[in-house]
Amino acid sequence: MATRWGICSSGKISHDFTVALKTLPSEDHQVVAVAARKLDDAQEFARKHNISRAYGSYEELARDPDIDVVYVGVIHPYHLSTCLLFTNAKKNVLCEKPLAMNSREVQQILASAKMNDVFLMEAVWTRFFPASVEIRRLLAQGEVGEVKLVRSEFGAPLTHILRTTQKELGAGSILDIGIYCLQFICMVYNGEKPECIQATGVCMETGVDETVAVTMKFSNNRLAVFTSSSRVKLPNDAIIVGTKGTIRVPDHMWCPTSLEVNGKETQYPLPEPYLPLNFINSTGMRYEAEEVRQCLLKGLKESAVMSHSDSLLLAEMEDEIRRQVGVVYSQDCQ
């Protein structure tokens with residue numbers, strides 16, 4: 001029986017996610033409803049993607065009895081209220097990253113999912129790409145020896161987009177794109193908490209971080225370094241350096257389609273979309289969707305690949321980096 005999806009929001013990321021779902025077998029995944037704040041937007045989205053039901057409110061989607069799991073694609077200041085709406089309605093949830101604005105909000109979402117006995121996962125799509133699966137396999141087998149250094153960067157000129165500059169919209173390079181570098185480091189170091197974090201950054205006039213450089217020290221003298229920027233384009237790659245070799249993820253480290261292991265490159269191509277995409281390699285969201293399906297079939301409430309503790313660690317690290325750089329959101333003061 002197919003996993004029946006409800007799409008919450010009719011924005012760009014929801015469009016791409018829906019396109020990605022269509023690259024999977026229809027007997028496994030079906031989009032049965034979409035909800036937006038305006039009915040017209042939901043109806044237009046439904047027409048474009050051939051979805052049978054369109055709702056003009058998120059509450060209507062929460063009440064739909066035919067939904068197995070909801071994909072939450074709203075902007076992140078609304079993740080807390082939207083996730084709680086669906087978890088309290090006993091709906092399973094896949095929520096876009098970052099799961100929330102800070103670790104306190106993340107804890108609230110996780111507590112609600114647990115109380116309502118529903119599945120919840122932060123949509124860190126990178127972790128489910130075949131290239132990422134291969135990285136974890138190589139590390140588990142000791143292919144590059146003991147990892148001593150992880151370096152990652154993600155930067156793009158995004159300041160022309162309102163969502164990346166306005167604090168009330170959850171702007172800031174850490175929560176928007178730096179999270180990809182952070183999650184990569186956390187994945188490589190197996191969800192271990194760093195012994196210390198040193199962060200410095202440049203903030204915009206709006207009070208959000210524009211460019212941030214972070215160094216982290218882990219146990220056994222292992223280091224991690226990352227840079228994120230919404231002002232300039234960076235090489236956007238990631239490197240894992242071990243005592244016996246290196247693993248490099250070339251440009252687009254957040255949606256990888258190739259991997260270099262000790263200089264040897266392997267390609268991991270993605271399926272073609274049936275409609276134009278808003279973001280690069282978005283059909284790769286199919287892998288996180290399939291992970292959700294497999295977890296639901298097994299009766300799991302979280303994914304071992306992107307667990308609740310992974311989401312909480314990410315949020316705690318983001319909080320600390322923002323504290324050092326001097327970025328405070330209204331959600332931090334509640």
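**Entry 1: ground rules.** I call a residue buried under 20% relative accessible area, exposed over 50%, and partly exposed in between, with a 1.4 Å probe and protein chains only. I am working with a predicted model, in which local features need pLDDT of at least 70 and side-chain atom pairs count only at pLDDT 80 or more, while totals for chains, interfaces and linings use all residues. Residues are numbered from 1 along each chain as its sequence is written, and side-chain values use heavy atoms, with hydrogens and water left out.

**Entry 2: helix H1.** I take helices (H or I, at least four residues) and strands (E, at least two) as DSSP runs, numbered from the N terminus. I looked up H1, residues 12–21, and found eight of its ten residues buried, so the rest of the structure largely encloses this helix. The buried ones are Ser14, His15, Asp16, Phe17, Thr18, Val19, Ala20 and Leu21. What covers them? For contact I use heavy atoms within 4.5 Å. The cover includes strands S1 (3–8), S2 (29–35), S4 (69–72) and S5 (92–96), together with helices H2 (39–49) and H8 (286–297).

**Entry 3: the two domains.** The bounds come from an automatic or database domain assignment. That assignment gives domain 1 as 3–125 and domain 2 as 130–262 + 307–333. I noted 25 Å between their C-alpha centres. In contact across the boundary are 18 residues of domain 1 and 23 residues of domain 2.

Buried area is the accessible area (1.4 Å probe) that two parts lose on being put together, summed over both. For this pair of domains it is about 1,900 Å², and carbon and sulfur atoms give 61% of that. On the domain 1 side, Lys97, Met101 and Trp125 supply 29% of the area buried against domain 2, more than any other three residues.

I then checked polar contacts, meaning a pair of N or O atoms within 3.5 Å; within protein, one must be able to donate a hydrogen and the other to accept it, and residues adjacent in sequence count only if both atoms are side-chain atoms. Between the domains I have ten residue pairs of this kind, both partners at pLDDT 80 or more. Helix H5 (103–115) and strand S6 (120–123) are the elements giving two or more residues to the domain 1 side. H5 gives the most, with six residues.

**Entry 4: salt bridges.** My rule is a side-chain nitrogen of Lys or Arg within 4 Å of a carboxyl oxygen of Asp or Glu. How many salt bridges does the structure hold? I get 21.

Aspartate 64 pairs with arginine 53, their closest N and O atoms 2.7 Å apart. Aspartate 64 sits in the loop between helix H3 (58–63) and S4, and arginine 53 in strand S3 (residues 53–55), eleven residues apart. Aspartate 64 is buried at 2% relative accessible area, whereas arginine 53 is partly exposed at 27%. Both belong to a salt-bridge network that links Arg4, Arg53, Asp64, Asp66 and Asp68.

The interface of the two domains has one salt bridge. Lysine 97 and aspartate 176 form a salt bridge with closest N and O atoms 3.9 Å apart, and both residues are buried.

Last, glutamate 316 bridges to lysine 193 at 3.6 Å between the closest N and O atoms. Glutamate 316 is in helix H9 (residues 308–325) and lysine 193 in the loop between H7 and strand S8 (196–203), 123 residues apart. At 28% relative accessibility glutamate 316 is partly exposed, while lysine 193, at 53%, is exposed.
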